[in-house]
Amino acid sequence: MMEQEESQPLLPHSRRTTSSPPPRITIHAGMGVAKVVKMVAKNYCKKCCSVETLKERVPITNWLPKYNLNTLQCDLVAGLTVALTVIPQGLAYAKIARLPTQYGLYSAFMGCFVYCFLGTAKDITLGPTAIMSLMTAAFAYSPVENDPTYAIVLCLLCGCVQLLMGLLNLGILVNFISYPVINAFTSAAAITIGFGQVKGLLGLTDIPRDFPHMVYQTFKKIPETKVWDMTMGLICLVLLFLLKRMRAIQWNDPPDGSPPNWCVKICRYIVWLTGTAANAIIVITASGVVAILRSQNIDDAISITGDIEPGLPPFRAPSFSVQNGNETISAGTILSSIGAGIGIVPLLGLVELIAIGKAFARQNNYKIYPNQELISIGIANIISSFMSSYPVTGSFSRTAVNSQSGVKTPASGLVTGAVVLLALQFLTPLFFFIPKAALSAVIISAVIQMVDYKIVKKLWKSNKIDLIPLFVTFIASLGVGIEYGILIGIGVDLLSLLYPIARPNIKITDKGIVVLKMEQGVRFPAVDFLQSTVTDAATVQGDKLRSVVMDCSYITATDYSSVQGIIELIAEFKRKGARIVFACLCTKVLERLQEREIPDLLVSSTVEEGFKLLQDEINPEFDDLGKSGETTVVVPVDYSGIRL
């Protein structure tokens, strides 16, 4: 590949760390409610209209003033290269979404334009992806053949949900989906999508979409394979594999030797560009073969894409109704049919975008901001829905191509989008000859790299527990559908996260007086477990209890339920003639307990002092102490040295 200038990329987004804090509002006791509301609203509007907020919400204002001719050259090359990839992919992904082929291109340009202004990553390119296409087919399939209404409505709703999440700073939600769950979901989706294209590769028809039945019916119908389609598909697969390897060639020039001359550089660039544009080369070549066969009156040998509606999509608001014969499907019916997709699809779009963005941000030394990414993808989906698009997000394969092409800023998306618009306007008649087998080969070649089997070995060495959500997500995604598999995986992952909270590790030491040390805090799910563990450890015979010292070094916070559980524990010990001392409480927790005025609360600053406090247990005066009406015994200690 031609050498690019070694310079730092123009980072599309950066937070100002030296900006002054927002002005503080002073509220006096005599101020009326209306005046307070007016001051708060004025301060909020002033903050929203500041230059700092503008640069945060419109990241193009950060890098556009630094734009130069060299950056334009890099972005132009990257944008053209990505366009050569997205056009055949868009046509192919529309098949997965069960939409007419042109809708893959309708979804491929507006996201590029919007992300140029609002995105925070220089490498990401928005558009149709395999997973979003599969989700569209799962949640937004219209009962009317070739009708895009459901998919367009889903795109609008997806954008609204993502925009709202971004404005509410809910990008943190992506942190609750672990890498094993994302990895298993991605691998299962790749297998589902890839195997679903076997029918196109073999020329089969009437294959169901749910994975178990798809596998069964595909093998059952293998005798119906069309030889010409199979030949075309297999040749395209092999050529795609070989061509894409050309993109990864490393030219190991000797470090002490002279640099290669311009002729060698051009040849290397041609080799790299051939590998990068492999999808377009294969689709164009296969279409040429079909055109030659048809010129020789061989019309039905290879299944082709057929007529594609020419021209640009009209700019209009999504329709919330569709005519099915004499019946009108209302907005309520459409929304109920989409159902859980209103929440699942936006979340998966966010996960895919952030996962890709973080990977390339680490690789190229810049930072992305999830909340701003949510805003950008949300607005992109909303505007795209007015251009007859189905939901879009970041594409891993095209983002990789964009990065490897030497992109400097998100402006490359303008070039990509413009090329797609030109293709829609002028090249759609040529798409008629594209073989379905070639598009299936493009999809299989794109998704096969998403299957990551090496993670099993890594998790086995590092943390075997993470294999549970990995396998559960993978099996559930293949068995019941990937739209539900991801939810099941997240649920299992959250259970594994919450289990240590509900069942905290408690170390028990018996030194004549039982000492229990909790190795983490106490929250409401752990109250019953704590009570039963302490009672069991203190029980000697029958219902008789021994006194206990609780080492609370790691308890830094409590909630209402945990305090209530402590009160019940103290009462039970008192009723059975024993005592419980809470040692090493931090100041915050101690104040919380004292606010409740708990009868017979005993605390000490150390475990040793707790032992001393309980030494009078053998003294007969202990019985009198329990009957004396005293409510709280606190050892006078200095809490300044307690670890908070």
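The following legends describe several close-up views of a predicted model. Residues are numbered from 1 along each chain as its sequence is written, and in this predicted model local features need pLDDT of at least 70, side-chain atom pairs count only at pLDDT 80 or more, and totals for chains, interfaces and linings use all residues. Side-chain values use heavy atoms, with hydrogens and water left out.

**Figure 1. Overview of the chain and its confidence.** The chain has 28 helices and 12 strands; helices (H or I, at least four residues) and strands (E, at least two) are DSSP runs, numbered from the N terminus. Of its 644 residues, 49% count as buried, where buried means under 20% relative accessible area, exposed over 50%, and partly exposed in between (1.4 Å probe, protein chains only). The average pLDDT, the predictor's confidence in each residue from 0 to 100, is 83, and 88% of the residues score at least 70. Confidence is highest in helix H8 (residues 149–167), at a mean of 95, and lowest in strand E12 (residues 632–634), at 39. Over residues 618–644 the pLDDT is below 50, and this stretch has 44 contacts in the model beyond near neighbours in sequence; contact means heavy atoms within 4.5 Å. The pLDDT also stays under 50 over residues 1–8, which have 15 contacts beyond four places in sequence. Where pLDDT is low, the predicted coordinates should not be read in detail.

Figure 2. A nonpolar core is a set of buried Ala, Val, Leu, Ile, Met, Phe, Trp, Tyr and Cys residues joined through side-chain atoms within 4.5 Å. The largest has 100 residues, of which Met135, Val420 and Phe431 touch the most other members. Helix H16 (residues 341–364) gives the most to this core, with 10 residues. Not counting residues up to four places away in sequence, Met135 touches Ala140, Val345, Leu348, Ile482 and Glu483. A second, separate core of 30 residues includes Leu530, Val534, Leu545 and Cys586.

**Figure 3. The enclosed helix H18.** Seven of the nine residues of helix H18 (residues 396–404) are buried, so this helix is largely enclosed by the rest of the structure. The buried residues are Ser397, Arg398, Thr399, Ala400, Val401, Asn402 and Ser403. Their packing partners are H4, strand E1 (126–127), helix H12 (227–247), helix H13 (262–276), H16 and helix H19 (412–426).

Figure 4. Rings of Phe, Tyr and Trp (its six-membered ring) pair if their centres lie within 6.5 Å; planes under 30 degrees apart count as stacked, over 60 as edge-to-face and the rest as tilted. By this rule the count comes to eight aromatic pairs. In one of them, the rings of Phe195 and Phe219 have centres 6.1 Å apart and planes at 40°, so the pair is tilted. Phe195 belongs to helix H9 (residues 179–196) and Phe219 to helix H11 (residues 211–220), so the pair ties together parts that are 24 residues apart in sequence. Ring pairs link Phe195, Phe211 and Phe219 into a cluster. Phe219 is exposed, with a relative accessible area of 52%.

**Figure 5. Charges over aromatic rings.** A charge sits over a ring if NZ of Lys or CZ of Arg is within 6 Å of the ring centre and within 35 degrees of the ring normal. The charged end of Arg98 sits over the ring of Tyr141, 3.7 Å from its centre. Arg98 lies in the loop between helix H4 (69–96) and helix H5 (102–106) and is partly exposed, at 28% relative accessibility. Although not a glycine, Arg98 has a positive phi of about 60°. Elsewhere, Lys464 lies over the face of Trp460, at 4.8 Å from the ring centre.

Figure 6. Two strands pair if DSSP finds at least two bridges between them. Strands E5 (residues 506–511) and E6 (residues 513–518) run antiparallel and are joined by six bridges. Asp510 has Val514 in E6 as its bridge partner. This hairpin has one residue between the strands, and Gly512 takes a positive phi near 85°. Strands E10 and E11 run parallel, joined by three bridges, and Val581 stands opposite Leu602 in E11. From E11 (residues 601–604), Leu601 and Val603 point one way and Leu602 and Ser604 the other, and all are buried. Cys584 is placed in the loop between E10 (580–583) and helix H26 (587–595). Cys584 is buried, with a relative accessible area of 17%, and its phi is near 65°, a positive value in a residue other than glycine.
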